[in-house]
Amino acid sequence: MGLLVMSFLLWCFLYLCLAFETNEVTSSNAPPIVLWHGMGDSCCNPLSMGEVKGFLEKNIPNVYVYSIKIGENMFQDIENSFFLNVNKQIEEACEQLKKDPQLKNGYNAIGFSQGGQFLRGLVQRCPQPQMLNLISFGGQHQGVYGLPHCPGENVTICNLVRELLNYGAYTNWLQSFLVQAEYWHDPLNEEEYREKSVFLADINNEKNKNQTYKENLTKLKNFVMIRFSEDTMVDPPISEWFGFYDEGQAKKVHTLRESKLYSEDWLGLKQMDKQGKLHFLETIGDHMQIDMNWFLQKIIKPFLM
């Protein structure tokens, strides 16, 4: 009889261990993840966002990953990353996320290059469903003052964008449709930038102070800004950490904590910093050269699991 009891107990123990192990492998309590690609890219490119999506799904069991697509197909998505007003894109993205039942309880967000500041605009303007953590890879949160090289497959489009920006980034015509003009930040003409920028100056609360923007942003659990150590795309690279050029010139830069935006807390970033919600990380490489092991150890495990 004693042998039968011992055998039964051993069988129960092995069964529970197996059930626990199986549960660990096949289930996940991780929130869904929303991705937003950068300039010249698309939601579903197998060599960029598709690879990232697959990597997340491999390393976070059963996680739901949604990649924002603006347009009817990949080609429209690429074109719109150049030629569709950012404010319209954010409105469209907000509607997409609201309609997705898998996101209703909140989601984490990862933005790549200009997708970083677009997602920040999204969390400030679209509080439901709620964004939990915002991860920004090379996002230009204080804009750019230059376009050294333009990614994507279409060299003709890149050259056209440069020509249009040189023509006059703050003209009403370009501000109405050219994406890169809408986060163009000229330190030599700060007054014109604040007056005429239809996107960046607004979400940075450099015009009329929007208390709702501040309230929505401070609800984030974490705002992670990742800078590329050898970035040759973003000018100045410190914009990836919310810094920029000092006003009136284009050589000396200041950090976020040295800015008026921070000291007067226009967006709640000072408050978030004191709460430990701001994270300034650096990864080795040029713009969007992401080491996937670094991604796993520094981003996925601490912020997305």
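The account below begins with one phenylalanine and then turns to peptide bonds, backbone angles and charged side chains. Where does phenylalanine 223 lie, and which residues does it touch?

Analyst: This is a predicted model, in which local features need pLDDT of at least 70 and side-chain atom pairs count only at pLDDT 80 or more, while totals for chains, interfaces and linings use all residues. Residues are numbered from 1 along each chain as its sequence is written, and side-chain values use heavy atoms, with hydrogens and water left out.

Phenylalanine 223 belongs to strand S5, residues 222-228. Helices (H or I, at least four residues) and strands (E, at least two) are DSSP runs, numbered from the N terminus. With a relative accessible area of 0%, phenylalanine 223 is buried; the term buried means under 20% relative accessible area, exposed means over 50%, and partly exposed lies in between (1.4 Å probe, protein chains only). Leaving aside residues up to four places away in sequence, phenylalanine 223 touches Arg120, Leu134, Ser136, His141, Phe242, Leu269, Met272, Lys277, Leu278 and His279, where contact means heavy atoms within 4.5 Å. Arginine 120 is 103 residues away from phenylalanine 223 along the chain, yet their C-alpha atoms are separated by 9.3 Å.

The bond from aspartate 235 to proline 236 is cis, with omega near 0°, and proline 236 sits in the loop between S5 and strand S6 (244-245). The bond from glutamine 128 to proline 129 is also cis, with omega near -5°; proline 129 is found in the loop between helix H5 (114-125) and strand S4 (131-137).

Two asparagines have positive phi values. Asparagine 62, although not a glycine, has a phi of about 65°. Asparagine 62 is in the loop between helix H2 (49-59) and strand S2 (65-67), and at 59% relative accessibility it counts as exposed. For asparagine 205, phi is near 55°; this residue occupies the loop between helix H9 (200-203) and helix H10 (211-217) and, at 1% relative accessibility, counts as buried.

The charged side chains complete the account. A salt bridge is a side-chain nitrogen of Lys or Arg within 4 Å of a carboxyl oxygen of Asp or Glu, and by this rule the count comes to 8 salt bridges. One of them joins arginine 257 and aspartate 273, whose closest N and O atoms are 2.7 Å apart. Arginine 257 lies in the loop between strand S7 (253-254) and helix H11 (260-263), and aspartate 273 lies in helix H12 (residues 269-274), so the pair ties together parts that are 16 residues apart in sequence. Arginine 257 is partly exposed at 46% relative accessibility, whereas aspartate 273 is buried at 16%.

Another salt bridge links glutamate 192 with lysine 196, the closest N and O atoms being 3.4 Å apart. Both residues lie in helix H8 (residues 190-196), 4 residues apart, about one turn of the helix. Glutamate 192 is partly exposed, with a relative accessible area of 28%, and lysine 196 is likewise partly exposed, at 31%. Aspartate 246 and lysine 252 also meet in a salt bridge, at 4.0 Å from N to O, and lysine 252 counts as exposed at 55% relative accessibility.
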